[in-house]
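Please give a short report on this structure for someone who has not seen it before.

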Amino acid sequence: MNNRIPIILDADPGHDDAIAWVVANASDRLEILACTAVNGNCNAYKAAYNAQRVMALIGLDVPVARGRNCPLYRPSLSAPANIHGESGLDGPALPEPERELEKISAAELMARTLRNSREKVTIVATGPLTNVGELLLGYPELKEKIARISIMGGGIKYGNWTPAAEFNILIDPEAADIVFNSGIHVIMSGLDVTEQALVTPEDVEEIKQIGNPVSDIVWQWLEFFYRFHLSIGYKGAPMHDLCAVMALIHPEVFEMKDMHVEIETEGMYTDGKTIGDIYGITGKPANATCIMGVDRKKFIDLMIDYIRYYSEVH
Ligand code: BDR
Ligand code: CA
């Protein structure tokens, strides 16, 4: 019997997205059915190419598709190059793609994957929620095939692109609004937890010692990624997107709280904010499990163990 959780990975890779995929692919508790790319850390064309190259690196051979290059109802915006570089995934040279892009959109690939799966599928979305929003708008009949949506996005307490909003939600608040109001349960790894999930320079030294073809890329990604974060005062690089994968396979390392979350789509100062009813004031039923804390040491040790997996398969 297959005890693995079937998942679709939707991302804008991105260093922390890529590391989330490295771990997801190494886990024997997950079965990756498809990958999709979205505009965010870079445009959707670069994101799809990065997705294909990461898949080649980790030996992941599943259908992959490019998604929308702009949010559902807003003009396009991507992260500046000082965070993830010009390519969206700067740093070490990566293998060229082995798997061609499907000739359908990301939302169509998600829909096909859901339709063909006998079990309900979990979507792990670590970029703006544009592709997932398009899926839910275009194929409402497939909602019942989605088990949960585990996202990196938002922050109950604060933002990182405005005082109120986190990047992934700010890029496409309408898509996030569709996701949170879809009736499908959301696991939200927001800044509350992801900024605690720090990889320090000492952790990078440990990864350097592993010496397999994937670890050799990962430590260079991490050096690239933490250089920016150290320059703005962080003590390491936040593994934002990895939290959305780890929440499925190692919930025990997190502190979680169920609550009702709404997305601000109009506020003058709060556009893109995730408003979590942390004290249950509204009486509305929880639509999300919000992750509020992590045992950093356990989280990083697990991440390093998953990276070691590639010593066995190569
Ligand atoms: C999010 O934005 C991106 O830079 C990261 O990949 C992560 O998904 C954090 O705000
Ligand atoms: Ca991301």
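## The calcium site and its surroundings

Asp241 is buried, with a relative accessible area of 2%. Buried means under 20% relative accessible area, exposed means over 50%, and partly exposed lies in between (1.4 Å probe, protein chains only). Asp17 is buried as well, at 0% relative accessibility.

This is a predicted model: local features need pLDDT of at least 70, side-chain atom pairs count only at pLDDT 80 or more, and totals for chains, interfaces and linings use all residues. Residues are numbered from 1 along each chain as its sequence is written, chains are lettered from A and ligands numbered from 1 in the order in which they are written, and side-chain values use heavy atoms, without hydrogens and water.

Asp17 and Asp241 both take part in a metal site. The calcium ion (ligand 2) is coordinated by Asp12 (OD), Asp17 (OD), Asp17 (OD), Thr126 (O) and Asp241 (OD), at 2.3 to 2.6 Å. Donors are N, O and S atoms within 2.8 Å of the metal (3.2 Å for Na, K and Ca); water is not among the atoms, so sites may look incomplete. Along the chain, the donors follow the spacing D-x4-D-x108-T-x114-D. Asp17 lies in helix α1 (residues 15–26) and Asp241 in helix α11 (residues 240–249), so the pair ties together parts that are 224 residues apart in sequence. Helices (H or I, at least four residues) and strands (E, at least two) are DSSP runs, numbered from the N terminus.

Ligand 1 also has Asp17, Thr126 and Asp241 among its surrounding residues. Others include His84, Met152 and Glu166. To be listed here, a residue needs a heavy atom within 4 Å.

| Residue | Distance to an oxygen atom of ligand 1 |
|---|---|
| Asp16 | 2.6 Å |
| Asn41 | 3.1 Å |
| Asn168 | 3.0 Å |

The protein covers 95% of the 280 Å² of accessible area that ligand 1 has on its own. Such areas come from the Shrake-Rupley method with a 1.4 Å probe.

## Elsewhere in the chain

A cis peptide bond joins Pro13 and Gly14, with omega about -5 degrees. Gly14 sits in the loop between β1 (5–11) and α1. Strand β1 runs parallel to β2, joined by 7 bridges. Two strands pair if DSSP finds at least two bridges between them.

Conventions
A polar contact is a pair of N or O atoms within 3.5 Å; within protein, one must be able to donate a hydrogen and the other to accept it, and residues adjacent in sequence count only if both atoms are side-chain atoms.
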